[in-house]
Amino acid sequence: MSIADNLLKYKKELTAEQVELIAVSKYQDTDAILEAYEAGQRIFGENIVQEMVDKQAKLPQDIQWHLIGHLQSNKVKYIAPFITMIQSVDSLKLLVEINKQAAKHKRVIDCLLQIYIADEDTKFGLGFDEAIELLRSEEFATLKNVRITGLMGIASNNATEKQTNDEFTELKVLFDGIKLSFFRKEDSFKEISMGMSGDYKLAIEAGSTMVRIGSSIFGKRIIKHYKAE
Ligand SMILES: *Cc1c(COP(=O)(O)O)cnc(C)c1O
């Protein structure tokens, strides 16, 4: 199946579930992204700043770019002019820098707090307590150029279905608690970004509102010269 065929299949399934599709185009060239764009996709996810910046300059300007990988504070300035959503906020320090760069461009940047749900040491993210501490902090309350619209999580690799389901359910329970405690009156706090090619069905059952799907739309990743952080 072509990229366009894969995309349309996902679109149909996800529209029925009212779940947003983030097409993860990391390591794909601009032709592959254009094929998805021409099939109607507008939201693309990348995990490396330099790769996103290079592609953003070359591709249609109505693409909505989501950063889904670890972000270093010193790189926020490169994406602040155009980024639609930063899904991988994992510290207050980073959020403060996003706020500062967004203010320079007179923007309010939507962000998700990345929550650590996997049973592995290698993944970035805030612990449950850290997320709550961040939201309670006085400094957070002063940030006017960022808007927290939900949570993001990545389940463990190679886990059993039960474990994956448990991890997604934990994120959903945390989301519900944070919604009640901090964002009860804010309709914009509504996103739970969870689910990738291998586990998106479980994620949707557990309450995902946004899935991030790469390899099963685009196939093998082909660009290799960008370095992850
Ligand atoms: C690469 C990546 C995805 C997409 O993974 P696939 O298995 O290719 O669908 C989703 N989320 C994050 C954070 C990623 O880095």
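Which residues do ring pairs link into a cluster? They are Phe175, Phe183 and Phe189. Keep in mind that this is a predicted model.

Stay with the rings for a moment. The structure has four aromatic pairs. Take Phe44 and Trp65. Their pair is tilted, with 6.1 Å centre to centre and 40 degrees between the planes. Phe44 belongs to strand β2 and Trp65 to strand β3, so the pair ties together parts 21 residues apart in sequence. Phe44 counts as buried, at 0% relative accessibility. Trp65 counts as buried too, at 2%.

Now Phe175 and Phe189. This pair is stacked: 4.9 Å centre to centre, 10 degrees between the planes. Phe175 sits in helix α8, and Phe189 in the loop between α8 and β7. They are 14 residues apart. Phe175 is buried at 8% relative accessible area, and Phe189 is buried at 2%.

Two charges also sit over rings. The charged end of Lys9 is over the ring of Tyr10, 4.5 Å from its centre. The charged end of Arg42 is over the ring of Tyr37, 3.6 Å from its centre.

On to the ligand. The residues around the ligand include Val24, Ile68, Met196 and Arg221. By class, that shell has five nonpolar, three polar and three charged residues. Look at the polar side-chain atoms. One from Lys26 lies 2.7 Å from a ligand oxygen. A side-chain N or O atom of Ser197 is 2.5 Å from an oxygen of the ligand. Taken alone, the ligand exposes 390 Å², and the protein buries 87% of that.

Methods: Residues numbered from 1 in each chain as written. Predicted model: local features only at pLDDT ≥ 70, side-chain atom pairs only at ≥ 80, totals over all residues. Heavy atoms only, no water. Near = heavy atom within 4 Å. Polar contact = N/O pair within 3.5 Å; in protein donor to acceptor, adjacent residues only side chain to side chain. Areas by Shrake-Rupley, 256 points an atom, 1.4 Å probe, with all protein chains shown as cover. Nonpolar A, V, L, I, M, F, W, Y, C, P; charged D, E, K, R; others polar. Phe/Tyr/Trp six-rings, centres within 6.5 Å; stacked < 30°, edge-to-face > 60°. Helix = DSSP H or I, 4+ residues; strand = E, 2+ residues; numbered from the N terminus. Buried < 20%, exposed > 50% of the residue type's maximum accessible area, 1.4 Å probe, protein only. Lys NZ or Arg CZ within 6 Å of the ring centre and 35° of its normal.
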